[in-house]
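Morning, everyone. Please have the sequence and the structure open while I talk.

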Amino acid sequence: MRRIERLVCVLMLAALPSCTHAQQPTEMTKGRYALTLRVEGVRSASGQLRAELLGRSQDGEAPRRISFGVQDAVAGTNVMVFPDLPAGDYAVQLFHDENANGKVDMNVIGVPLEGYGFSNVPVVQGGIPPFDVMKVSVAADASATAVLVYAP
Amino acid sequence: MSGGAEQPDRRAFLALAAAAGVTTAMTATHAQAQGGAARSAYADATVVDPRLVAFSNGRELDTARLVVEGEVPADLAGGFFRNGPAMFEREGVRYRHWFDGDGLMQRWRIHDGAVSYRSRFIQTSKYALENAASRFLLPVSGGGITPTAAFTGANSTNPSNTSVISMGGETWALWEGGSAMRLDPETLDTLGLVRWNSEIDGAPFSAHPRRGDDGRLWNVGSLGQRVLLYRLGRSGELEKFKIQPLGQEGYFHDFLLTRRSLVLIQCSTRTQGVRSFESGSFGSLRAAPDKPMRVHVFDRETFELVRESELPSGFAFHFGNAWEEDDGTINFDIVHSPDGDLMLEFFKPMSGLFPAWQAVSYRASLPPRGAPRFERLQDRVEFPTINPRFETRRNRYVYATAFQNPARQDWFDAVVKIDLERGGNQYFDYGPDWMVEEHVFVPRPGAQDEDDGWLVGTALNWTAQKSALTIFDAARPGDGFIARAWLDTPMPLGLHGHFRTG
């Protein structure tokens, strides 16, 4: 159940108010880096992109959530920035909350009805890929790309 | 739980991925090699066997006036629609399973004694992507294609290739793993997926919905060890849906409807091994001879389980009709194969071989208590159909494709009119040049008698390399056909048909 639970977890992002964009590194964040995610294939400017930044867990189980980002969607390519990260491995999973209801809508059998995607995954193949497939190693400011897929 | 949400779970999500024949452990080069090998075996076989045009790519065509033998009845007016897999190869890669080809909707229109023809590929999401790329991008159910396009679930690979019904002013093309597709019955243009609400958007909707005598439509969708039950109003609006547990896995393609009950019968199959993307979901569907076929009887109004029962182990794609007596006895006919590996037979046509036809038609009676009773009706049959006005009522006749030449090992050469009550089946023998597809019953306007109408269907003449539509008097198919309209080209053998009157 883990993978879909993680996708469902994204659903709760809406309840959290903070945004990650528009923050600039300062003296306080030296030794910390920004991960810039280029989100391609966003089909409309409706609603928001809701993204979850994941880190490797200690026990090798489900990746842990580190932070999240919410921003208004723009049709085409969007850029989301996760600043102030210590060096390490990260991954991003996100969805396009087109109807702005704060959750990823799914049908009764668990197929997402809204666009979704993952860092480093140009061609989504159904469910959530393993952490190592999505991972971005951050040792300096880093960037990655996610391409959203929408159910037909 | 009708209309209620079920918690999404990973198993179901991944089951859809598996239905599309995909796992994360993919070996692309192996798959390409397999697709290429099947294509080469097929290409070699077609050199010496002209019958195999039956499994070549179909095409879009318009023919204004077909050559007609005999005389088309003046009071027969409408379109004979046939859906079926028809895009099997792109750029040297051939599908591994017959049921994977993209759907081609064919329409033979009969009007004022003349016949015209039109065919169009159904513009699914998959077909549009692959047509633009000029190659296959997504596997369907038989595996063997490296996925190179994104997918979210079954609708990403839905080929919309199995059957066709009329729904109000629209024609719906059906598959069984995903949504129905809406078409314009006039132009055959694709209008979009059938969508009711977000809860069941994209859920499986099987290829054999059944209409009650009140015009409502029932259907099922397979969710592995569960079933999704549907009831639609006369105009196609969703009245009710519910997910019910089945307690076990077991393939089903068709189901039965009576005036009280919805009867679901699971084949004796189980999923074996890893559902790899090389084998697809069909390649991992294996006989479970130790397991009886499982019958689930649901109340057709409440969708609550009424009772369960068992049939002898085997596999059944199709049923003709069911009707229920006052005491709850359910009578039906079933095309039953003792071979639980029947789904594997349909890998054969893709590499130039013919499937083994072993299924036998039985009349079955399922009493409220005690063992079911069977009566053997006809050996080696498929595609049973009845007068649609007799669905859920006591019917006397079933029409099916059959064999007249016992030596034929390739495809059906005849149609049969089975008399359930008095025996004495009638046959029309198409002859050695023909491969016969499903035939459907069209009631004569104002008819009362069950067999007062026409039997209409298509067949492929492999020596002439032409397909044709043949019209019979449904009371007397044994006397020969009334009319035949010839296309000037062969079309691949299709699956299910439907006659839209008017």
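Predicted model: local features only at pLDDT ≥ 70, side-chain atom pairs only at ≥ 80, totals over all residues.

Strand 31 of chain B covers residues 434-443, and eight bridges join it to strand 32 of chain B. The two run antiparallel. To find your place, look for B:Val440, which stands opposite B:Val456 in strand 32 of chain B.

On we go to strand 33 of chain B, residues 466-473. Strand 32 of chain B pairs with it in the antiparallel sense, over eight bridges. Here B:Leu455 has B:Phe472 as its bridge partner. Strands 32 and 33 of chain B also form a hairpin, with four residues between them. In that turn, B:Gln465 has a positive phi of about 55°.

Next comes strand 34 of chain B, residues 483-486. Four bridges join it to strand 33 of chain B, again antiparallel. B:Ala468 stands opposite B:Trp486 there.

Back to strand 32 of chain B, residues 453-461. Is it buried or exposed? Nine of its nine residues are buried, so the strand is largely enclosed by the rest of the structure.

Now for single residues. B:Phe383 lies in strand 27 of chain B, residues 382-385. Its phi is positive, about 55°, although it is not a glycine. B:Phe383 is buried, because its relative accessible area is 6% and the cut-off for buried is under 20%.

Over to chain A. A:Ala100 also has a positive phi, near 50°. A:Ala100 is found in the loop between strand 5 and strand 6 (116-118) of chain A. At 42% relative accessibility, it counts as partly exposed.

Last stop: A:Asp97, in strand 5 of chain A, residues 88-97. A:Asp97 is buried, with a relative accessible area of 0%. What does its side chain meet? A polar contact of 3.0 Å joins it to the side chain of A:Arg50. Leaving aside neighbours within four places in sequence, the contacts of A:Asp97 include A:Ser46, A:Gly102 and A:Glu114.

Note on methods
Residues numbered from 1 in each chain as written. Chains lettered and ligands numbered in written order. Heavy atoms only, no water. Buried < 20%, exposed > 50% of the residue type's maximum accessible area, 1.4 Å probe, protein only. Pairing = 2+ DSSP bridges. Polar contact = N/O pair within 3.5 Å; in protein donor to acceptor, adjacent residues only side chain to side chain. Contact = heavy atoms within 4.5 Å.
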